[in-house]
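Work through the exercises below with the sequence and the model at hand. Each task is followed by a stepwise solution.

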Amino acid sequence: MTNTTGGPAEGDTFDAGAGSILRQPKAVWATAGASVVAFMGIGLVDPILPSIAKGLDATPSQVSLLFTSYFLITAVAMLVTGFVSSRIGGKKTLLLGLALVVVFAGLAGTSGSVGELVGFRAGWGLGNALFVSTALAVIVGAAAGGSAAAILLYESALGLGMACGPLLGALLGNASWRYPFFGTAFLMAVGFLCITAFLKEQPRPAKKTSLLDPIKALGHGGLASAAVSAFFYNYTFFTVLAFTPFVLNMTPYKSGAVFFCWGLLLAVFSVIVAPRMQARFGSLKVLGGSLVLLAADVLVLGYGNHTAAVVCTILSGAFIGVNNTVYTELALGVSDAPRPVASAGYNFVRWFAAAAAPYFAPKIEEWSDIHIPFVVAAITAVIGAVVVFVRRNVLSHEAEELQPKHATEDSVTVFAN
């Protein structure tokens, strides 16, 4: 029998457990495929930032606003996505997000100035936030084989998108910096048609989410501590993602290859390595150690030669993957707020750092030299570790009780949101 979320129809046979991950309804594959493209959009512009700067006669600090506008809108949208989806339903929220991405990604490719491109990228961020914050719930509701198979499928989409975004940007951007934007619009339009055709509407939640619920959730000391620490960590993360392409100064192909390897490490360490390290050493020790190692890595990135910069850029993906997983578990488990609400509050805080780093890193270079932005990034990573240490009493109880089996589910939810 067909379920209300687009699940398998009567007569379809699906094995329970992990074996069913590749035997899913068309609705699941449509949503997962669109999710890959949605996550590709985050790093899509990485290898073409220098090309955009040259094509629009813009400075690095101006071009980096592509990230700032995108993530600033994403941060604010954290207060809106739950409000919207709890009122119009999951399918309509997905389609609204996809439609916005199609429109604004297409418009971005037509930009005649960096100001226009930054504005269109902001609209893209709103659409992406609406889509990715809803897609996991839709996949879990429609998938065969239980939530574990659905989460693994979605996590695979996340990792594939993060790794392939820079690669697509390089392949299309080598001909023109405009083509990656048109390519994304086309792929998301295909996703829109597939979801329209194959996904049935999910039932709306019994309780509607208000705009202030995520803010109220931050009144919990543990959640607020995790969010503040993640804020400083995300400044480091997005200094690497948004500023490093200018430091490497490579062709789109070479830069895309570097960030493809970076994305692969991020995915592997987030899904496979981090849960094993937590089980052995404990979440807070793993998080603190990974933040300190990330600080050392970005210092070498900033002061080393070109080869060292390439190696450290790729290696940072491992530390970022570990940090993403552990922060997510802490954020979703440390308070008694519903997970979607806790996730929205946590992301509302941390995405502001993702908006700030791409703007301030090139500005700091203009005020000083090319090394200092990485010094600042190293300091913010250490501050994140200090917050974890100082606030360990409000974080440690949850960290000790977290089970590794929850790591994948939680990391997907928070990163998506």
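**Exercise 1.** Determine the handedness of the crossing of H11 and H13, and classify the angle between their axes.

Solution. Step 1: the crossing of H11 and H13 is right-handed, a term for a near helix turned clockwise from the far one by less than a right angle, anticlockwise being left-handed. Helices are DSSP runs of H or I with at least four residues, numbered from the N terminus. This is a predicted model, in which local features need pLDDT of at least 70 and side-chain atom pairs count only at pLDDT 80 or more, while totals for chains, interfaces and linings use all residues. Residues are numbered from 1 along each chain as its sequence is written, and side-chain values use heavy atoms, without hydrogens and water.

Step 2: the axes of H11 (residues 252–281) and H13 (residues 306–333) come within 7 Å and cross at roughly 40 degrees. Axes are lines fitted to C-alpha atoms over the stretch in contact, with angles from 0 to 180 degrees between N-to-C directions.

Step 3: H11 is therefore oblique to H13 (under 35 degrees is roughly parallel, over 145 roughly antiparallel, 65 to 115 roughly perpendicular, the rest oblique).

**Exercise 2.** Classify the aromatic pair of Tyr 70 and Trp 124, and locate both residues.

Solution. Step 1: the centres are 6.5 Å apart and the planes at 80 degrees, an edge-to-face pair. Rings of Phe, Tyr and Trp (its six-membered ring) pair if their centres lie within 6.5 Å; planes under 30 degrees apart are stacked, over 60 edge-to-face, the rest tilted.

Step 2: Tyr 70 belongs to helix H4 (residues 65–88) and Trp 124 to helix H6 (residues 114–142), 54 residues apart, so the pair links distant parts of the chain.

Step 3: Tyr 70 is buried at 1% relative accessibility, and Trp 124 is buried at 1% (buried is under 20% relative accessible area, exposed over 50%, partly exposed in between, with a 1.4 Å probe and protein chains only).

**Exercise 3.** Which geometry do the rings of Phe 348 and Phe 352 have?

Solution. Step 1: with centres 5.2 Å apart and planes at 85 degrees, this pair is edge-to-face.

Step 2: both residues lie in helix H14 (residues 339–367), four residues apart, about one turn of the helix.

Step 3: Phe 348 is buried at 18%, whereas Phe 352 is partly exposed at 27%.

**Exercise 4.** Is Asp 57 buried or exposed?

Solution. Asp 57, in the loop between helix H2 (49–55) and helix H3 (60–63), is exposed at 73% relative accessibility.

Methods. Helices (H or I, at least four residues) and strands (E, at least two) are DSSP runs, numbered from the N terminus.
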